[in-house]
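Please keep the sequence and the coordinates at hand while reading.

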Amino acid sequence: MSVRTPDPDWNGDEPTGAPTPNTNPGWLSDLELAEIRGRLPLLYVEAVPVRVDGLGQVTEVGVLLRANAVGEMTRTLVSGRVMYGETVRDALFRHLEKDLGPMAFPLLPASPVPFTVAEYFPLPGISPFTDDRQHAVSLAFVVPVTGTCEPRQDALEVTWMTPTEAATQAVADEMEGGRGLLVRQALASVGALR
């Protein structure tokens with residue numbers, strides 16, 4: 001599973017030859033990240049983007065479509081690492097903008113309390129969530145978005161589904177790392193599963 005998050009100070013204009021020095025001390029090089037992943041659990045945030053009606057009831061759930069490292073099409077959620085010195089709120093906003101675009105207009109909660117904490121392990125069977133790269137702890141949030149979502153980075157599209165469609169086994173089977181369960185937990189936490 002590839003969920004490569006580019007350096008936040010990268011503008012895409014550097015030559016592809018020699019690596020450029022890391023000017024952001026809160027970010028890890030690829031080599032440092034690989035070493036850290038082998039020794040420590042990393043902290044992530046994940047967001048289940050939703051659209052709500054005037055009463056705050058979830059009407060649609062946004063799921064990202066991506067191609068994984070072997071070229072298979074998979075579905076996933078907005079997710080990414082929390083950088084050193086970054087608040088959970090800032091990390092959540094940064095990854096929502098990275099994956100959904102700057103015009104998504106997410107409505108972050110006044111108190112960023114996750115609906116669950118998901119623990120990803122490289123070996124299956126320890127938890128329902130897997131990540132073959134690392135042991136990761138993820139704070140998961142349901143986040144309403146009000147604007148236009150245009151995927152960026154490695155997401156190909158945002159698919160909007162009803163809560164009933166998003167909770168189906170067919171959608172869960174397309175999601176990487178057990179995130180189908182995370183979608184069901186998110187919908188249950190906001191009373192959207194009937």
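Predicted model: local features only at pLDDT ≥ 70, side-chain atom pairs only at ≥ 80, totals over all residues.

Leu-108 belongs to the loop that lies between H2 and E5.

When neighbours within four places in sequence are left aside, the residues in contact with Leu-108 are Arg-89, Leu-92, Phe-93, Leu-96 and Val-143. Phe-141 stands 33 residues from Leu-108 along the chain, and the C-alpha atoms of these two residues are separated by 9.2 Å.

## Phe-105 in the loop

Phe-105 is found in the loop between helix H2, residues 88-100, and strand E5, residues 116-121. Although Phe-105 is not a glycine, its phi is positive, at about 50 degrees. With a relative accessibility of 43%, Phe-105 counts as partly exposed.

## Helix H5 and the residue that follows

Helix H5 spans residues 179-189, and its buried residues are Arg-179, Gly-180, Leu-182, Val-183, Ala-186 and Leu-187. Viewed down the axis of H5, these buried residues fall within an arc of 155 degrees, so they line one face of the helix. An α-helix has 3.6 residues a turn, so residues three or four places apart point the same way.

After H5 comes Gly-191, which has a positive phi near 70 degrees.

Conventions:
Residues numbered from 1 in each chain as written. Heavy atoms only, no water. Buried < 20%, exposed > 50% of the residue type's maximum accessible area, 1.4 Å probe, protein only. Helix = DSSP H or I, 4+ residues; strand = E, 2+ residues; numbered from the N terminus. Arc of directions from axis to C-beta. Contact = heavy atoms within 4.5 Å.
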